Amino acid sequence: MKKLKKINFLVFALLVLTTLTSCKVGRFIVYNFADIKDYEKFPARKIETGPTKFHFSTTTKGKVPEELTVKDKKYPFEKYLADHKTVAFMIIQNDTIQYERYWQKYNKESIVPSFSMAKSITSILIGCAIDDKLIKSVNEPITNYIPELKKSGFDKVTIEHVLQMTSGIKFNEGYKNPFGDVATFYYGTNLRKAVSKMTLKVEPGKQFEYVSGNTQLLGMVLAKALKDKTVSSYLEEKIWKPLGMEFDASWSLDRKKDGMEKTFCCVNARARDFAKIGRLYLNKGKWEGKQIVSEDWVTQSTKIDTSNGSAWYYQYQWWLPTKTGDFMAKGILGQYIYVNPQKNLIIVRLGKSKDKVDWPELLANLGQTY
């Protein structure tokens with residue numbers, strides 16, 4: 001009898017868990033907050049690499065700092081990284097890996113979600129789609145691709161507005177609210193429906209506000225422009241195979257059947273392949289002699305611009321940590337692809353959390369030491 005009760009309890013628990021994970025609030029209750037293992041929780045589309053792999057050069061005499069200066073205090077370099085929940089750290093200069101190390105049972109083959117670094121990847125694909133004449137220009141209203149938003153006044157919102165986060169959309173970016181917009185987007189199972197309910201709170205082109213809803217709008221614009229292709233297959237075609245990524249990747253979806261890519265987050269890949277995204281932009285969109293995305297797009301994506309409500313430190317889904325020409329992609333748990341063109345330098349940091357560290361400042365300062 002006791003064994004039967006135990007089996008019944010396990011069946012009941014499984015049913016409850018299945019019910020919870022099938023809806024947004026349930027997913028939030030079960031998973032609670034973004035986690036470095038989230039790629040295992042959601043359905044995803046596979047992104048395959050091609051037969052040719054690109055490998056950075058290696059050296060036994062890499063230039064590695066002994067110390068890090070953080071808020072005028074000096075710390076042992078590796079110990080600081082390890083103590084602050086880093087799982088992967090790479091420094092690449094002149095196409096040579098100067099430093100590469102992993103912690104907490106991670107290694108070069110370990111998958112890590114990009115989180116909002118995917119915003120920068122989505123931006124690259126928008127640039128590719130313009131190059132391919134699938135999208136006319138950034139000046140088009142997004143309602144050319146998402147006509148259901150005309151009723152809410154989105155015919156005044158251009159692709160550039162959403163690229164620069166100046167669209168004026170009403171969107172709650174709070175990750176701790178299970179009923180907030182970002183929870184709906186992250187844990188929900190119908191992104192198309194969620195987007196159709198979006199509204200504006202201020203006139204487009206007036207002020208910058210970083211919200212993930214903008215990048216999901218970009219994803220829907222891209223998906224409509226691609227017609228019969230998925231966003232994942234376009235990433236595979238335009239980036240993953242041409243750049244000779246070492247490993248397959250994936251892009252998390254809102255649901256398994258007819259799912260949509262969470263373009264505001266959730267490209268799941270390895271540190272070395274994230275570094276190649278940085279190399280592409282370090283070389284102004286060119287890869288081994290081939291222009292993958294136009295140089296003009298890379299320049300526009302990473303230059304300082306304060307017109308039409310734009311913030312100087314954020315352009316076309318890329319962050320600018322200083323005014324000296326460096327730029328970065330970044331994610332909520334402290335995932336970073338930092339690029340310093342003056343130093344011909346790429347730094348990748350992946351972690352379980354930011355752990356209260358100002359990583360953009362740390363990476364920018366570290367970059368200046370090379």
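Colleague: Which residues have the most contacts inside the largest nonpolar core?

Modeller: This is a predicted model, in which local features need pLDDT of at least 70 and side-chain atom pairs count only at pLDDT 80 or more, while totals for chains, interfaces and linings use all residues. Residues are numbered from 1 along each chain as its sequence is written, and side-chain values use heavy atoms, with hydrogens and water left out. A nonpolar core is a set of buried Ala, Val, Leu, Ile, Met, Phe, Trp, Tyr and Cys residues joined through side-chain atoms within 4.5 Å, where buried means under 20% relative accessible area, exposed over 50% and partly exposed in between, with a 1.4 Å probe and protein chains only. The largest such core has 91 residues, and those with the most contacts inside it are Ile159, Leu217 and Ile239.

Colleague: Which helix gives the most to this core?

Modeller: Helices are DSSP runs of H or I with at least four residues, strands are runs of E with at least two, and both are numbered from the N terminus. With nine residues, the greatest contribution to this core comes from helix H4 (residues 117–131).

Colleague: Which residues does Ile239 touch, not counting those up to four places away in sequence?

Modeller: Contact means heavy atoms within 4.5 Å. One of the residues that Ile239 touches is Cys128, which is itself buried, with a relative accessible area of 1%.

Colleague: Are the residues on the two faces of strand S8 buried or exposed?

Modeller: In a regular strand the side chains alternate between the two faces of the sheet. In S8 (residues 249–252), Ala249 and Trp251 lie on one side and Ser250 and Ser252 on the other, and all of them are buried.

Colleague: In which sense do S8 and strand S9 pair?

Modeller: Two strands pair if DSSP finds at least two bridges between them. Trp251 stands opposite Val267 in S9. Over two bridges, S8 and S9 (residues 267–269) pair in a sense that is antiparallel.

Colleague: Why is the disulfide of Cys265 and Cys266 assigned its handedness?

Modeller: A disulfide is a pair of cysteine sulfur atoms within 2.5 Å, and Cys265 and Cys266 are joined with an S to S distance of 1.9 Å. Cys265 counts as buried at 3% relative accessibility, and Cys266 counts as buried at 4%. Because the torsion about their S-S bond is about -70 degrees, the disulfide is left-handed.
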